[in-house]
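The briefing below is grouped by topic.

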Amino acid sequence: MAETGNHDAFVEFKRVQKSYDGEILVVKDLNLSLPRGEFLTMLGPSGSGKTTCLMMLAGFETATHGEILLGGTSINNIPPHKRGIGMVFQNYALFPHMTVAENLSFPLEVRKLGKSEREAKVKRALDMVQMGEFGGRRPAQLSGGQQQRIALARALVFEPELVLMDEPLGALDKQLREHMQFEITRLAHELGITTVYVTHDQTEALTMSDRVAVFDDGRIQQLAPPDQLYEEPENSFVAQFIGENNTLEGVVTSISGDTCVIKLDNGDEIDAKPINVSKVGERTKVSIRPERVEFNKDRLNPKAHTLKAKVIEFIYMGDIFRFRLSVAGNDDFVVKTRNAPDAIKLQAGQDIEIGWLPQDCRALDA
Amino acid sequence: MSDATQPDTAKAGPVLAADGTPLKRSLARSLRVQKMRAMALIAPLLIFVLVSFIIPIGSMLFRSVENGMVEQTLPLTVVELQAWDASTGELPDEPLYAAFVADMVIAIDAKRHTRLGTRMNYEKTGMSSLFRKSGRQIKKLDPATDGPFKDQLIEIDKKWGEHETWSVIKTHSVAITNGYFLNAIDMQRTPDGAQAQPEDKRILITLFKRTLIMSMIITCSCIALAYPAAWLLANLPARSANMLMILVLLPFWTSLLVRTSAWKVMLQQQGVINDVLVWLGMVSDASRLVLINNQTGTIIAMTHILLPFMILPMYSVMRTIQPTYLRAAKSMGATNWTAFWRVYFPLSVPGIGAGSILVFILSIGYYITPEIVGGTKGVFISNRIAYHISSSLNWGLAAALGTILLAVVLILYWAYDKIVGIDNVKLG
């Protein structure tokens, strides 16, 4: 996952560590590199070190060890105001005593741009986020979504090559958030800026990013494009954290090439793809996505191992059906199916048989 | 609309409640009990404030123009004085003297003539003794039989034969006077209208100016000292901030008099500060600094005493300024100074404003500290007011001075509202 020595890297973290108190490392040995124009999301639970990484990049925190490079030069000793990095804050941090236009003009003023040039850039930035008519308003007179657009415009108005966003959509309601996700990605790609985006919302990470870095415990657990992250999680944490996931625990009984057989704790056997297991007898957590579980008898692979299951609950969600099953002692085994004309509606209490393709079932670390 | 029982906003006319009464009236009725309860809760305070604050201030305002004493003590004389034209330069005629004796006999009986003398003495020195001494002689006269009185009175004291004596009485015989206010601004009421006081009696304008200028200096030095302290308080972690806050509040737990006296110990020429400076060799023993009984002393001591009133409002405003504002400014390329000056400082102005109003208004009326450490050069107008209330007993002048002080504060408050906006002020 670390691409050290990458000459195309625009932003690079080299063996970066961070500790606040000299006892606990908040960021442990971080290696990360971004090519120009990439939209990278740092995703993780709170306290995983993602925001600290962002703040180190912005210059508000100093790395305890290691080096951060921007465009090939070390920025460890460059103060934040000389880094030229645009930043969108969680609560927008729009200056309440200035109008929207003055807010946008601020970064241009400190760069000593002429008045006409400033006005032109402010206008262009406001038009870019469809807020052209709001230049004279105060931030307090705007709705949350509008403030968010202004914060975005303010971070972009001085045309930085790198923009950092710290959970910028956290305060918005769902519908607005989805809309803004689209807006932000559109702008980032149109302007060709490199973006580092921090969030704890995995949907946001999956829909917006070119690549996602999943943080936990001060380390990047997996760095991959969204589809790969979802379909091919490299460890149990990522499998659990991204999307909905079913976990079964057991012991590896045989490995041959890219399939292995797992003996579950209740004695049943299943086929899986070995990812984090290497030898027979190792404990493992097996991960299967709910939509990859098959319970239509006609489609089950006769050669593969199947499991007996009991339907506990049927949840109607409109576009999909969701079933909660009891499988091998796990009462939270979830299965999803599309609400198609031929969809099977299972009833609570029904006994069924389930199975899956071995490559969809990943044997990960215990 | 008459048969409408449902509120119908589409039609014109007031919205009706379910029973047909206008909704507004129905709402008012349902809220009445709540309002009554609220009123009952604030009633004790309201009455207390009325009795202890509004009424005394009203009475003070009235006292600054009220001047019924001459008319009450010498009713007949005042009528005669109306007829007398002082501008001719001639003495009044016999009827006035007769009226005066008649009035005085009654006044002397009631022992009111000395009070009138004291009152007239504010306007012209010597009047007090004139009334007291003449009183003893006039007492023996009978207004009905012993006339004519003009020559007899001049015989008793030749001042009764002076034109000025009578013109002073006439000038101040009106029931509502501007005399106190004229005095308060170093002028006097004369038969020829308002005129400046003689040079040696002009002191109050100087005192007003000094009070204003020194209050401004004190306010400014409070701002300068309080700003960094408040910033530190607002930005430290809660534990250390609480500790610091206790230090800020500590002076409130000590008597004002003790603190001021402590400054006397510190500042005097043989005091701690001078000793240290001499010991350090920064000041020669022969030329010790004069830090007390002058304006410097008053400014130092009052800045110290009023400092918490500046720190607290500043702190409460600064606490609400999010640190991300500064980060945002820096991320956009602002240096530390620019970020402070363009972003933090403007956001902290409401705190400065609130603190300044508080400190300025408190210091403009401060009394004890200037009295103790101010000497003669460092006293404020309030010390003069206190003098007139407790020593010279010229309450009218004290009231006029107080009224002017009140007006100055209100004008400044108004000006502040125009410039900064009073809704920008936050006290917590």
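Four residues of domain 1 of chain A are in contact with six residues of domain 2 of chain A, two residues being in contact if their C-beta atoms, placed from the backbone, lie within 7 Å. This is a predicted model, in which local features need pLDDT of at least 70, side-chain atom pairs count only at pLDDT 80 or more, and totals for chains, interfaces and linings use all residues. Residues are numbered from 1 along each chain as its sequence is written, while chains are lettered from A and ligands numbered from 1 in the order in which they are written.

**Domains of chain A**
- The assignment, whose bounds come from an automatic or database source, gives domain 1 (9–236) and domain 2 (244–364).
- The C-alpha centres of domain 1 and domain 2 of chain A lie 39 Å apart.

**Contact of chains A and B**
- Chain A contributes 17 residues to the contact and chain B contributes 15 residues.
- On the side of chain A that touches chain B, α2(A) gives the most, with three residues; helices (H or I, at least four residues) and strands (E, at least two) are DSSP runs, numbered from the N terminus.

**Nonpolar cores**
- Of the 160 residues in the largest nonpolar core, A:Ala153, A:Leu164 and A:Ala213 touch the most other members; such a core is a set of buried Ala, Val, Leu, Ile, Met, Phe, Trp, Tyr and Cys residues joined through C-beta atoms within 7 Å, and buried means that 20 or more other C-beta atoms lie within 10 Å of a residue's own, these atoms being placed from the backbone.

Notes
Buried ≥ 20, exposed ≤ 12 C-beta atoms within 10 Å, placed from the backbone.
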